[in-house]
Amino acid sequence: MLLFDVATASAEVGSTSSRLAKTARIATLLEAAEPEEISIVVSWLSGELPQRQIGVGYASLRTLPPAAATPSLTVGAVDTTFTEIKAVSGKGSQTRRADALSGLFGAATDVEQTFLRRLLSGDLRQGALIGVMADAVARASGVPPALVRRAAMLGGDLPAAAAAAITRGADALSDFQLRVGRPVGPMLAQTATGVADALDRLGGEAVFEAKLDGARVQIHRNRDDVSVYTRSLDDVTARLPEVVAATLALPVDSLIADGEAIALRPDGRPHKFQVTASRFGRSVDIGAARVAQPLSVFFFDVLHRDGVDLLDAPGEERAAALADFVPAEQRVDRLVTGDVAAAEDFLQRTLAAGHEGLMAMSLTAPYEAGRRGAGWLKIKPVHTLDLVVLAVEWGSGRRTGKLSNIHLGARDADTGGFVMLGKTFKGMTDAMLEWQTQRFLELADGPTDGYVVRVRPEQVVEIAFDGVQGSTRYPGRMALRFARVLRYRDDKRADEADTLETVRAFYEG
């Protein structure tokens, strides 16, 4: 199969809002793929690489060679090139990686270049989300969607489940069972506006647990062997010896559990998220880091214990099983209540202790591995800043022809300039996209036919965000977490925007 076929399908999927149309288009593509190509295509259309990270980021894609006139790249050849780029290391690796990337893009047509650039920059938003992809696999294979989703959840690998279903049918999915040592797609949470909303949506009574600002981990144990995986299912066992030791101290032989690894201060309050995140780097000296900043682990759910699968058990039963073998000091603080005032008091005490907010969990819901289930709701305070738009990126898919992703800057009170803190495309309505396209073309400060359009720093935008983290990617050495647009502030001038010091206060707080 040609890359052109995948890129064209991606563009068509992104241009429609119809779930049925997306499903049908992807299914048609998968039916035409060779067996060895299926998992690659599913990964790509899900916005991921089979190789995970290959050392290519946004900066590497700013300058591209002219597009080829005719398509020649195959799916297999491109995947091989990605593998080769990832393997590049040692002296001169940056140059060799750039040469390989240039050769790949030089052989790609315009539509293929657009697809590759967005895939490699993590900006592929053609709407082929996990649910849509699972439905497309079901349609292409003739296997019931529920079986496809279940296999993908338990195997933690939708591309592999897709390849099995399409090439070998429903019987092949029986191999995808909960298995100690094989990571499972984690259950994710929806968002509630507050404790009252959470109680209403969860039937009037719920479990409220402290939402720690650490790193989520999935822990597997088979006797003396322990494996630790991140939320994205990367193996980080060697980097987290404290988590391994804490797991080995538990009175179990086999285990799959959800937990949170977090760096705590001597007074028990959490360090900034970056302190925890620094322990996950590949180049970290684990021995020195463990002494300088040890990690604590808190368990909050259990999927398997000593030969018994628990993911289909109700939340209350899983909580009781967890409490049976995990000491209270290694479990997340929790409150079971149907009283709004009690839950609100628990939220305020949790925030005062330095944590992110609360998780509200159903007493009866099963563990929906790999899904953003309605049985888990997150409750976090929302912060806002008035920032200035510094540049805008042209959109793709449904946003083709519209200026979409905005670059955000805070005011530097010392120089009068603006310092970039990140970018976002979230929270934009169709009407907002129409308005901002016209507005930013009027503010354009240079060419408008490139991928990024620089604009005069005049437009103020109100941004909601969950927190501020350290970042080497942006000049201000900080970046907003989960930034999204609330509204444009035509009532404010750029010199009235929030300052870098204001942002730094959020970071230091």
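Predicted model: local features only at pLDDT ≥ 70, side-chain atom pairs only at ≥ 80, totals over all residues.
Residues are numbered from 1 along each chain as its sequence is written, and side-chain values rest on heavy atoms, with hydrogens and water left out.

Ser 471 lies in the loop between strand E16 (467-470) and strand E17 (478-481), where helices (H or I, at least four residues) and strands (E, at least two) are DSSP runs numbered from the N terminus. Apart from neighbours within four places in sequence, Ser 471 is in contact (heavy atoms within 4.5 Å) with Arg 477, Met 478 and Ala 479.

Val 143, found in the loop between helix H7 (130-141) and helix H8 (145-155), is likewise buried, its relative accessible area being 4%. Residues up to four places away in sequence being excluded, Val 143 touches Ala 138, Val 148, Ala 165, Gly 169, Ala 170 and Leu 173; of these, Gly 169 is 26 residues from Val 143 in sequence and 6.6 Å away in space, C-alpha to C-alpha.

A cavity is a set of points, on a 1 Å grid over the protein atoms alone, where a 1.4 Å probe fits but cannot get out, and its lining residues have an atom within 4 Å of a point; points are joined across faces, edges and corners, and the volume is the space filled by probe spheres set on them. Two cavities of 30 Å³ or more are counted. The largest cavity, of about 120 Å³, is lined by 15 residues, among which Asp 301, Gly 315, Arg 318, Met 361 and Ser 362 lie nearest its centre. Two or more lining residues come from each of strand E2 (206-211), strand E6 (296-305), helix H14 (315-325) and strand E10 (372-379), and H14 gives the most, with three residues.

The second largest cavity holds about 40 Å³ of space, and its lining includes Val 184, Tyr 229 and Asp 258. Strand E3 (215-222) and strand E4 (225-230) each supply at least two residues of this lining, to which E3 gives the most, with three residues.

Terms used. 1 Å grid on protein atoms, 1.4 Å probe; cavity = no way out; pocket = protein on both sides within 12 Å on 5 of 7 lines; lining within 4 Å. Buried < 20%, exposed > 50% of the residue type's maximum accessible area, 1.4 Å probe, protein only.
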